[in-house]
Amino acid sequence: MKRVVIALGGNALGSNLPEQMEAVKTTAKAIVDLIAKGHEVVIAHGNGPQVGMIHKAMTELVRANPAKYIHCPLSVCVAMSQGYIGYDLQNAIREEMLDRGIDRGVATVLTQVEVDPEDPAFRHPTKPIGAFMTKEEAEKLIRERQYDVVEDSGRGFRRVVASPMPQAIVEIDTIRSLVETNHIVVACGGGGIPVFKTNGHHLKGAAAVIDKDFAAEKMAEQLNADVLIILTAVEKVAIHFGKEDQEWLDELTPELTRKYIADGEFAPGSMLPKVEAALQFVESGPGRVSLITLLEKAHEGIEGKTGTLIHS
């Protein structure tokens, strides 16, 4: 039996409510394949399409009736996305387990992730979120709310926010207690709700989004997990991707991984953060292993049959 943390992409969950309800059925089957082998499983997930939908809906409410509604903080939008994605995921996993005769609890933990307010990412926001705006709407938000806004590929203007590195999982003791009492846990949704300490013990939401792969890595570290599985759209990691000499990789050492990163083999915003997070976990403690593969191949990958395994 292994303790496994899975990083599931938000795009694998669909872009609207009906799509998500269907997508989680497939997701649940792959996750329960691991549970059926006796593994302790914790699931982190992305929320790109979902938090964008929530943020856009809230923005439209303000546009339609500014006297009645106020802008919804991004941290609250992330919390909303955690709740409704977790609701669908935990129900689908529970149903799939019961269909296979597995009687275990499933719980979603609304998760805050501490970030450093001095993280350089806050000085250079780059992550686009929310709806497209006209130049006039963008200038109004810059003037009234001090938003950072950029022109996005000729399609209009969008708000950009920081993507700081996670420092600690606030609810880690709760997550650990659930795992140790035989529960499947959904946590760190959307990379977690980014917060930082202010006066006393108060945690203040940050206008930021945390990369879900790095949040999953931090959670795996703090749970003393054996394996971090990062799910993506390809079965294995490749070098020279998309070129004639493309090579799929079965295994990587930390040294070789760092070399390929330095050589620019992995695309920023795509495979690079996955590989970096996987490497970070492997180097965080002895015996730790990371696997990068497809969702439906996760159970085969953990048995060493496919995927890209990174280990010392």
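Me: Which residues does Ser-290 touch, not counting residues up to four places away in sequence?
Reply: This is a predicted model. In it, Ser-290 touches Leu-228, Ala-278, Phe-281, Val-282, Thr-308, Leu-309 and Ile-310, with residues up to four places away in sequence not counted.

Me: Where is the place of Ser-290?
Reply: Ser-290 is in strand β16, which covers residues 289-293.

Me: Is Ser-290 buried or exposed?
Reply: Ser-290 has a relative accessible area of 1%. Buried means under 20%, so Ser-290 is buried.

Me: What does the side chain of Ser-290 reach?
Reply: The side chain of Ser-290 reaches the backbone oxygen of Ala-278, at 2.8 Å. Ala-278 is also among the residues that Ser-290 touches.

Me: Helices now. At what angle do α7 and α8 pack?
Reply: At about 150°, with the axes 11 Å apart. Helix α7 is residues 254-262 and helix α8 is residues 271-282.

Me: Why are they called roughly antiparallel?
Reply: The angle is about 150°. Angles over 145 degrees count as roughly antiparallel, so α7 and α8 fall in that class. The crossing of α7 past α8 is left-handed.

Me: Which residues in α7 and α8 meet?
Reply: From α7, Pro-254, Thr-257, Arg-258 and Ile-261. From α8, they meet Leu-272, Val-275, Glu-276, Leu-279 and Val-282. By class, this contact has six nonpolar residues, one polar and two charged. Val-282 also turns up among the residues touched by Ser-290.

Me: And α2 with α3, how do the axes cross?
Reply: The axes of α2 (residues 48-64) and α3 (residues 74-99) cross at roughly 125° and come within 9 Å. That angle makes α2 oblique to α3. The crossing is right-handed.

Me: Which residues meet there, in α2 and α3?
Reply: Gln-50, Val-51, Met-53, Ile-54, His-55 and Met-58 in α2 meet Leu-74, Cys-77, Val-78, Met-80, Ser-81, Tyr-84 and Ile-85 in α3. The contact divides into 10 nonpolar residues, three polar and no charged.

Me: Last one. What does Leu-249 touch?
Reply: Leaving out residues up to four places away in sequence, Leu-249 touches Lys-236, Val-237, Ile-239, Tyr-260, Gly-307 and Thr-308. Leu-249 is in strand β14, residues 247-249, and is buried, with a relative accessible area of 6%.

Me: How many residues apart along the chain are Leu-249 and Leu-309?
Reply: They are 60 residues apart, and their C-alpha atoms are separated by 8.4 Å.

Conventions. Residues numbered from 1 in each chain as written. Predicted model: local features only at pLDDT ≥ 70, side-chain atom pairs only at ≥ 80, totals over all residues. Heavy atoms only, no water. Axes fitted to C-alpha atoms, helices over the stretch in contact; angles between N-to-C directions. Helix = DSSP H or I, 4+ residues; strand = E, 2+ residues; numbered from the N terminus. Parallel < 35°, antiparallel > 145°, perpendicular 65-115°, else oblique. Left-handed = near helix turned anticlockwise from the far one by under 90°. Contact = heavy atoms within 4.5 Å. Nonpolar A, V, L, I, M, F, W, Y, C, P; charged D, E, K, R; others polar. Buried < 20%, exposed > 50% of the residue type's maximum accessible area, 1.4 Å probe, protein only. Polar contact = N/O pair within 3.5 Å; in protein donor to acceptor, adjacent residues only side chain to side chain.
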